[in-house]
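This briefing is meant for a first look at the structure shown below. Topics are grouped so that each can be read on its own.

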Amino acid sequence: MKDLIARAARELAATRRAVALTGAGISIESGIPPFRGPGGLWEKVDPMEVAHIDAFRRNPQKVWALLIRGMQTVLAKAAPNPAHRGLATLEALGHLQAVITQNVDGLHQQAGSRDVIEFHGNFAWQRCMICERRCRSEELDLATIPPRCDCGGIYRPDCVFFGEMIPPEHLARAQQLSAGCQVMLVVGTSATVHPAAMLPHLARNAGARVIEVNPEPTPLTGTVSDYLISGPASKVVDALASAVTALRPTLDG
Ligand code: OAD
């Protein structure tokens, strides 16, 4: 692992056009469970019953009760971990252009990342399904669910349900960054949900190095990614940020 971290640090230090693609795995060590694998959310509830837009339209009360309310409680307690902070450091040093995240937890911004593309939206915001009024999740009274807007419309999280499109401006920017980067760091994603999962393919096809950070191999490993740094994100990304920082005096001088 040490050798691969040193190699990745050299590749990151040598570019100003790196991009990170992150998934639920980066926030596990912040106390947020993943979707798949042991302890994953989709082991407990069926995503087609609680995370599909048709399920929400059919029975918003059920989706609020089984998914949204619980997720809000978990997210409210979560704080960034060294992996989120490591990516913010790489951006501040001028190597990482942006983070494209599938997460809806806002932890990258809390850690100090400035350019974050929230591919699947953000749970901290709600939007009325009729008048589109937006408000912070904590402003809502959840004594009765689903919560309703003054206009009578139901509030929904400002995020992407299964069966919905990625906001076109986010998709376009993510594709543009992926096709234009020199290094893509893929952290904590099972790379199974499209269109996010095709971004590393875009990067690879355009000639970028694709580096994975994940304790487990993914469908990208050995095919799309150049190598996998096998380990927990907090340890690996923190070590990467420190190694890139340590390389800088040599580069700057
Ligand atoms: P998943 O839950 O599918 O995958 C989590 C990944 O994190 C797995 O590959 C794990 O091996 C890895 N992992 C576990 N512990 C880790 C650690 N400490 N450090 C780094 N990685 C670790 O999550 P996503 O790939 O983000 O979409 O899932 C993609 C999308 O599927 C989500 O955005 C969500 C979900 O359904 C929607 O809800 C639209």
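Glu11 is buried because its relative accessible area of 17% is under the 20% cut-off. The model is predicted.

**Helix 1 and Glu11**

- Helix 1 is made of 12 residues, and the distance from its first C-alpha to its last is 16 Å, close to the 16 Å expected at 1.5 Å a residue.
- The buried residues of helix 1 include Ile5, Ala8, Ala9 and Leu12, as well as Glu11 and Ala13.
- An α-helix has 3.6 residues a turn, so residues three or four places apart point the same way.
- Beyond its neighbours within four places in sequence, Glu11 makes contact with Val183, Arg209, Ile211 and Tyr227.

**Nonpolar cores**

- In soluble globular proteins, nonpolar side chains tend to be buried together.
- The largest nonpolar core here contains 27 residues, and Leu12, Leu87, Leu90 and Leu185 have the most contacts inside it.
- At least two residues of this core come from each of helix 1, strand 1 (18–22), helix 6 (82–92), strand 2 (96–101), strand 7 (183–187), strand 8 (209–213), strand 9 (227–229) and helix 10 (233–252).
- Helix 10 gives the most to this core, namely 6 residues.
- Another core, of 26 residues, lies apart from this one, and Phe56, Val63, Leu107 and Tyr155 are among its members.
- Leu90 touches Leu12, Leu185, Ala241 and Val244, and also His95 and Leu96, when residues up to four places away in sequence are not counted.

**The second largest pocket**

- The volume of the second largest pocket is about 310 Å³.
- Its lining consists of 15 residues, and Leu75, Ala76, Ala124, Arg136 and Glu138 lie nearest the centre of the pocket.
- Helix 5 (60–77) and strand 4 (121–128) are the elements that give two or more residues to this lining.
- By type, the lining residues of the second largest pocket are 7 nonpolar, 5 polar and 3 charged.

**Val186 in strand 7**

- Val186 is part of strand 7.
- With a relative accessible area of 2%, Val186 is buried.
- Not counting residues up to four places away in sequence, Val186 touches Leu21, Pro200 and Leu220, together with Val210, Ile211, Glu212 and Val213.
- Val186 and Ala203 are 17 residues apart in sequence, and their C-alpha atoms are 11 Å apart in space.

- Gly106 sits in the loop between strand 2 and helix 7 (107–111).
- Gly106 counts as buried because its relative accessibility is 12%, and buried means under 20%.
- From Gly106 to Ala51 the separation is 55 residues in sequence and 19 Å in space, C-alpha to C-alpha.
- Val116 lies in strand 3 (residues 116–118), and Val116 is buried at a relative accessible area of 16%.
- Val116 touches Val99, Thr101, His108 and Gln109, again not counting residues up to four places away in sequence.
- The C-alpha atoms of Val116 and Arg69 are separated by 25 Å, and these residues are 47 apart along the chain.

**Backbone geometry**

- Most residues other than glycine have a negative phi, and most peptide bonds are trans.
- The peptide bond from Ile145 to Pro146 is cis, with omega near -5°, and Pro146 lies in the loop between strand 5 (134–136) and strand 6 (155–159).
- The peptide bond from His194 to Pro195 is also cis, with omega near 10°, and Pro195 lies in the loop between strand 7 and helix 9 (199–205).
- Glu132, a residue other than glycine, has a positive phi, near 70°.
- Glu132 is placed in the loop between strand 4 and strand 5.
- Ala191 is not a glycine, yet its phi is positive at about 50°.
- Ala191 is in the loop between strand 7 and helix 9, and it counts as buried at 11% relative accessibility.

Conventions: Residues are numbered from 1 along each chain as its sequence is written. This is a predicted model: local features need pLDDT of at least 70, side-chain atom pairs count only at pLDDT 80 or more; totals for chains, interfaces and linings use all residues. Side-chain values use heavy atoms; hydrogens and water are left out. Buried means under 20% relative accessible area, exposed over 50%, partly exposed in between (1.4 Å probe, protein chains only). Contact means heavy atoms within 4.5 Å. A nonpolar core is a set of buried Ala, Val, Leu, Ile, Met, Phe, Trp, Tyr and Cys residues joined through side-chain atoms within 4.5 Å. Helices (H or I, at least four residues) and strands (E, at least two) are DSSP runs, numbered from the N terminus. The expected span of a helix is 1.5 Å times one less than its number of residues. On a 1 Å grid over the protein atoms alone, a cavity is a set of points where a 1.4 Å probe fits but cannot get out, and a pocket is an open set with protein on both sides within 12 Å along at least five of seven lines; lining residues have an atom within 4 Å of a point. Grid points are joined across faces, edges and corners, and a volume is the space filled by probe spheres set on the points. Ala, Val, Leu, Ile, Met, Phe, Trp, Tyr, Cys and Pro count as nonpolar, Asp, Glu, Lys and Arg as charged, and the others, Gly among them, as polar.
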